[in-house]
Number of protein chains: 2
Amino acid sequence: MSVTLAIDAMGGDHGLIVTVPACCDFLEKHADVNITLVGDADLIRQALDRFPKAPTERIHIVAASEVVLMDDSIEIALRRKKDSSMRVAIQQVKNGVADAIISSGNTGALMAISRYILKTLDGVDRPAIAAAIPNEKGLGTTMLDLGANADCEPMHLVQFAQMANVMVQVVEGKQNPSIGLLNIGEELIKGNEVVKRTGELLRASSLNFYGNVEGDDVFKGTTDIVVCDGFVGNAVLKASEGLARMMSGLIKSEFNRSWLTKLMAVFAMVPLLRVRKRVDHRRYNGAVLLGLRGCVIKSHGSADRISFGFALDRAYEAAKNRMVERIAQAFVTDRLL
Amino acid sequence: MSVTLAIDAMGGDHGLIVTVPACCDFLEKHADVNITLVGDADLIRQALDRFPKAPTERIHIVAASEVVLMDDSIEIALRRKKDSSMRVAIQQVKNGVADAIISSGNTGALMAISRYILKTLDGVDRPAIAAAIPNEKGLGTTMLDLGANADCEPMHLVQFAQMANVMVQVVEGKQNPSIGLLNIGEELIKGNEVVKRTGELLRASSLNFYGNVEGDDVFKGTTDIVVCDGFVGNAVLKASEGLARMMSGLIKSEFNRSWLTKLMAVFAMVPLLRVRKRVDHRRYNGAVLLGLRGCVIKSHGSADRISFGFALDRAYEAAKNRMVERIAQAFVTDRLL
């Protein structure tokens, strides 16, 4: 069975410079993949010209005249730009001519347009954004929600757990993944009421619920999945990105202080690059918008060619293993609420 | 004017091994400081014996027969251990014979006993935990609440901002510090309602309100203060600690791989140690329990001698500059709510 991926070719900070080369790399690796590039047809053809060996019979171009910008409001993206590359790409999935859509564009717009066009699955109240975060074990801890839902009720968090449970089985091939509920260690006054109730519901469910975890457990890899509301998830994710950026900036600046430290950098390079490789966020690129009637993958806005390739991998695994159908099925057979 | 610091000498992972040497160092640096060591009097005397040059006339010992353990419940710490070193140390502040109390013990117990004995200031609904987190600018971003209040109303967050505003002026000597409100970037569905309303209140206040910030702004140092509820603050803090631990563990393990990388480590040592120094969490030790009728400082449970010294510094600055009185005053003269 072949898989067709629809690409918002214009999306992200770099657009075609990243999307087209990454897609050509991907087609070379996977003989069972077709790719539909959506955007400015002339520019896409120009970008493809640089890859004369690309399998043109497996590349389709669908024209779209507009682009959702990174700072466009959801209102603009959803109501005004009806012929955006993002929207037309999502429409490919809706029309059944693509199995997944991948975009590096504006997250808010991607979620809003996907919800509008694809709709949510039966039993899912709110779609969520899930992504893998590198942990000490050299694996990824799948965390959700990362920003789609600022205020959550217990039943929403339980649904997130249920969706991620299927996603990790499908995309990472891990059977019966363990699920942690993000909570705080100190119960000085009282725990968060929503989290307490969620814990009770998860404990009573058929899921492999580990119990409460704390912020550092995300990086320890204590559980395969960490569930939290989108406000906390987004704050933790952004803070971690900020800390990682600060650390690597400091390391660079210290090694750049003088000719002596620059010389030291030459010696330190190999181990430090290996560290970077082990926690390379590019390997974990590709957040999954869960709960929609279609497979939607969000690549980081600043993704490069390598990084976008990992998002394509994730889309490919999810599509090939029928992630969406299996989530839909789970909500029919294992009604937790 | 001299300053008297009451020390929970038994608290933390290391107890007397850390607290007594750090206090002797501190007394040597500050001629205007008296220290009251609270705990097992015999053991304290034994620990002091190793510091024959310590100024005994400025060291007082107050006996306490019990110790709050790191995993004691709040119930146990508060109701059963009425002669704990933590509680007796707090009582010194209540009795007016000490200007501040410093403990490396159990945070939950410290907050609960402090609230019970000292009570909260007029106008403060809930005490909060504030600490400085190292940022890119080489300064500390003061963040609160870090775990005392899992569910917050807008007025609580405004009170946190008001207390931190005084704290940063007093402890860091920074006039009119800027205040950021932690929020999420993507407003996919709707922002968190509590945060939206808090933003309106802060905008209307006399505080130097910068506006919304995101998780990475904590490490960028975009504002001097970042306000959030205790659930989010605790999750961000713990996740950051986890990430930092993972990174330093990875760096160590990569440099330990072979004799070659160990040799490389020798060359890389100086710049890497300088990085560590620039973000040394020990320099930022000493969280402040704000909103109480007394100055209470929480040192990290695993604090070493150097680190505990920084917590003493913070207590000294807060006590000397009458932080508590100035917060009390702020709530009388600038009633924001």
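1. In this predicted model, Lys174(A) and Asp224(A) form a salt bridge, with their closest N and O atoms 3.4 Å apart. A salt bridge here is a side-chain nitrogen of Lys or Arg within 4 Å of a carboxyl oxygen of Asp or Glu. Lys174(A) sits in the loop between H6 and strand E7 (179-182) of chain A, and Asp224(A) in the loop between H8 and strand E9 (225-227) of chain A, so the pair ties together parts that are 50 residues apart in sequence. Helices (H or I, at least four residues) and strands (E, at least two) are DSSP runs, numbered from the N terminus. Lys174(A) is partly exposed at 36% relative accessibility, whereas Asp224(A) is buried at 18%. Buried means under 20% relative accessible area, exposed over 50%, and partly exposed in between (1.4 Å probe, protein chains only).

2. On conventions: residues are numbered from 1 along each chain as its sequence is written, and chains are lettered from A and ligands numbered from 1 in the order in which they are written. Local features need pLDDT of at least 70 and side-chain atom pairs count only at pLDDT 80 or more, while totals for chains, interfaces and linings use all residues; side-chain values use heavy atoms, with hydrogens and water left out.

3. A search of the whole structure gives 27 salt bridges over all chains. One of them joins the side chains of Arg314(A) and Glu172(A), at 3.8 Å from N to O. This pair links distant parts of the chain, 142 residues apart: Arg314(A) is in helix H11 (residues 305-320) and Glu172(A) in helix H6 (residues 154-172), both of chain A. Arg314(A) is buried, with a relative accessible area of 10%, and Glu172(A) is partly exposed at 36%.

4. A local pair is found in chain B, where the side chains of Arg197(B) and Glu200(B) meet in a salt bridge of 2.8 Å, N to O. The two are 3 residues apart in helix H7 of chain B, which means that about one helical turn separates them. Arg197(B) is partly exposed at 41% relative accessibility, and Glu200(B) is partly exposed at 44%. Salt bridges with shared partners also join Asp216(A), Lys220(A) and Arg245(B) into one network. Helix H7 of chain B covers residues 193-203.

5. Next, the interface. In chain A, 64 residues are in contact with 64 residues of chain B, contact being heavy atoms within 4.5 Å. The size of an interface is often given as the accessible area lost when the parts come together. The area buried between chain A and chain B is about 5,800 Å², and carbon and sulfur atoms give 71% of that; buried area is the accessible area (1.4 Å probe) that two parts lose on being put together, summed over both.

6. There are 4 salt bridges between chain A and chain B. Lys238(A) and Glu214(B) meet through their side chains in a salt bridge of 2.4 Å, N to O. On the chain A side, H5, E5, helix H7 (193-203), helix H8 (215-220), helix H9 (230-255) and helix H10 (259-278) each supply at least two of the residues that touch chain B. H9(A) gives the largest share, 20 residues.

7. How are the two chains related? Chain A can be laid on chain B by a turn of 180° and a shift of 0.0 Å along the axis, with an RMSD of 0.0 Å. That is the relation of a two-fold axis. Copies are superposed by least squares on the C-alpha atoms of residues with pLDDT of at least 70 in both. Of the interface residues of chain A, 100% are also interface residues in chain B, so the copies meet through the same surface.

8. Helix H5 (residues 107-118) of chain A is mostly covered, with 10 of its 12 residues buried. Among the buried ones are Leu110(A), Met111(A) and Ile113(A). The buried residues of H5(A) pack against elements of chain A including helix H3 (74-80), helix H4 (85-94) and strand E5 (128-134). After the helix comes Lys119(A), with a positive phi near 70°.

9. Gln92(B) is in helix H4 (residues 85-94) of chain B and is buried, at 11% relative accessible area. Leaving out residues up to four places away in sequence, Gln92(B) touches Ala6(B), Thr36(B), Val38(B), Val62(B), Val97(B) and Ala98(B).
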